[in-house]
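Here is a friendly note to read alongside the model. Please keep the picture open as you go through the points.

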Amino acid sequence: MSWLKQVLQSGHFAVTAEVGPPKGSDPQVIRKKCNLLKGFVDAVNITDNQTAIVRMSSFASCLIAQEQGIEPVMQMVTRDRNRIALQSDFLGACALGIPNLLCLTGDHQSMGNHPQSKNVYDIDSIQLLQIFKNMRDQKVFQNGEEVKGEMNVFLGAGESPYADPLEFRALRLAKKIAAGAEFIQTQAIFDVDIFTQWMEEVCRLGLHKKSFILAGVIPVKSAKALRYMKNEVPGVVIPDSLIERMEAAVDQKAEGVEVCIETIQKVAQIEGVSGVHIMAIAWESIVPEIVQRSGLLPRPAKGEITSS
Amino acid sequence: MIVGERKPIPEILAMLGDSKKVLVLGCGTCVTVCLTGGDKEAKELASLLRIKGYEADSFTVERQCELEFIHPLRERIQSVDAVISLACGIGVQALYELDSGKSIYPGLNTTFMGMPVKQGNWEERCWGCGDCIIHLFGGTCPITRCAKSLLNGPCGGSKDGKCEVKPDRDCAWQLIYDRLKKLNRLDWLLTIQPPKDWSTSRYGGHRKMTREDMLL
Amino acid sequence: MKILVIACDKSGYPAMIKYTTENTTNHELISILKVPCLGSVKESDILEALEGECDRVLLVGCPIDSCFHQDGSRFAQRRVNRINHLLEEANISKRVAISFVTAEKTSEIKRTLDLISSTPAQEELKP
Ligand code: SF4
Ligand code: SF4
């Protein structure tokens, strides 16, 4: 059974991080990143050809992570695989004991490094959640045929509180939860005010009671990186005051860590937030420090929680 | 209508190779209206080819995609080395069905089914998915106009009404949201749209239609 | 450079006549055609003119904002640009130019004729 689920269900404030597989075949890359994170997080997301750049598959990387004693959250995007391949991989993941799946639509291939490719988008993330939920709970494939076996997976989805139309975002989350999302990891939060408003709406709709919401954060190394994200990364909102603060800092890297910790501490106070998801892209080594300084240690240990 | 864009002239010249006598064939329907393959454009291209030293002539048929309209051209095609068709891909294929034995080249890149949204601007509107559901989305087709063909709401990258994939294009989901809001039908968006049956679309294989009562 | 002039009968044509009677010119003018308005000159007409020995077509007519037929010069300007693009794409060294004059002002004509007679095709011919 998913450890992440147990941590969340037992009322602990969960911590997850992200590991991007390498643009190559060396398993050591995953092992090293996982070893850095061990003991500091409850589970690790393994991205699926994130930003449409070809990398080692999420599936294979999850198995490597598992060997290292890290619980993976396998990300699956609908950009590259149709319902046949996705259901097939779902069964494989169940068979190999991958306990968490995060269903995403995925960045359009035109934003990645093979913009000439054809995309799939046979289904969207909400339909993917529904298909997996029905396979697990109703024991049926998308076509209605029976599926056999144990499928003990914890299903999650992403959501951006910042994308437009803003008024629709919480309702869209409700759809994801109705479709089967048991946990949600949000887009990176830099503007805590907008996130707070969104969470108010989420709580008003009672969604925090139906699903665990993990607030996404990204530690940034410089004001330049922040400015780049503001302009280039869809679905993030970065207040100018934050960029100014970073610019004014003597040690921008240290300030970035500071900002990240402050954000974690702020969002942890917001009603309905059950955990954080730290996306230290290409900077996994900073995660232990962030977790520690945010007061999130020690992480719950097996045996401390009795599974339900 | 079907929209196409003229191929770059160097590409057309490369296709022609050492052909000397060339017929540029325009089409009087869609590509005339989108100003890429009508009589005017056919004349222009023939003129350019003559300046380049080809023995070129032009002609425009009302609809290149119907055998009835192109049959009368058979002799004319026999008298040249090559034909450049400025029709959409359907018209070019129809010309091949005449079995002229001549080289026939596409002069256009057929781009999409769409409409002129304003003077000089055309936009894609339909993919021909074979099972129209636009009434559920306030008349904006998410399959065609959302870069990811999302059926259950906008992705996380919709910003200020624009699409994350091409920031100069409208986000289909902003349009859908705005239209349904106006119609007081936002509740429709709460329904989870099931996976679409793509078997009616091109993914189901080559498509055809028959009207028994019209068969001869 | 062999030049064909297409002139509008409100401004361009009288200006051309005035210019050619008052000046002995060494430009190779093939002929001067009179049209009611530059807006009536189609792209295919210009291209056809370029099919023969003619190297340059020069349109002469009213300034854009005082075109007798309102938008004629504006449209002509766009067509000239488009044809020059087509010619460039096809790697043809012939070009089209447009010159805006009034019936009296002939200095502009000389300037344009000098320009198009000497400019290599690669450099864009702008009025
Ligand atoms: S739903 Fe299908 S048929 Fe209807 S507009 Fe969209 S692509 Fe075309
Ligand atoms: S921004 Fe809008 S149109 Fe573009 S992919 Fe996302 S939902 Fe679709």
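1. **Before you start.** This is a predicted model, in which local features need pLDDT of at least 70, side-chain atom pairs count only at pLDDT 80 or more, and totals for chains, interfaces and linings use all residues. Residues are numbered from 1 along each chain as its sequence is written, chains are lettered from A and ligands numbered from 1 in the order in which they are written, and side-chain values use heavy atoms, with hydrogens and water left out.

2. **Where chain A meets chain B.** Here 33 residues of chain A are in contact with 28 residues of chain B (contact means heavy atoms within 4.5 Å). Together the two chains bury about 2,500 Å², with 55% of that on carbon and sulfur atoms; buried area is the accessible area (1.4 Å probe) that two parts lose on being put together, summed over both. Of the area that chain A buries against chain B, 23% comes from D164(A), F168(A) and K175(A), more than from any other three residues.

3. **Charged pairs between A and B.** The rule finds two salt bridges across this interface (a side-chain nitrogen of Lys or Arg within 4 Å of a carboxyl oxygen of Asp or Glu). D164(A) joins K159(B) in a salt bridge, at 4.0 Å from N to O.

4. **Where chain B meets chain C.** Each chain is represented in this contact: 14 residues from chain B and 14 residues from chain C. The pair buries about 1,200 Å², 60% of it on carbon and sulfur atoms. E44(B), L48(B) and I51(B) supply 43% of what chain B buries against chain C, more than any other three residues.

5. **Charged pairs between B and C.** How many salt bridges lie between chain B and chain C? The count is four. In a salt bridge between E44(B) and R82(C), the closest N and O atoms are 2.8 Å apart.

6. **Around ligand 1.** Look in chain B for the residues around this ligand, among them C126(B), C129(B), C132(B) and C141(B) (near means a heavy atom within 4 Å). The shell has eight nonpolar, two polar and no charged residues. Ala, Val, Leu, Ile, Met, Phe, Trp, Tyr, Cys and Pro count as nonpolar, Asp, Glu, Lys and Arg as charged, and the others, including Gly, as polar.

7. **Domains of chain B.** Domain 1 (2-111) and domain 2 (127-194) come from the domain assignment of chain B, whose bounds are automatic or taken from a database. Their centres, taken over C-alpha atoms, are 38 Å apart.
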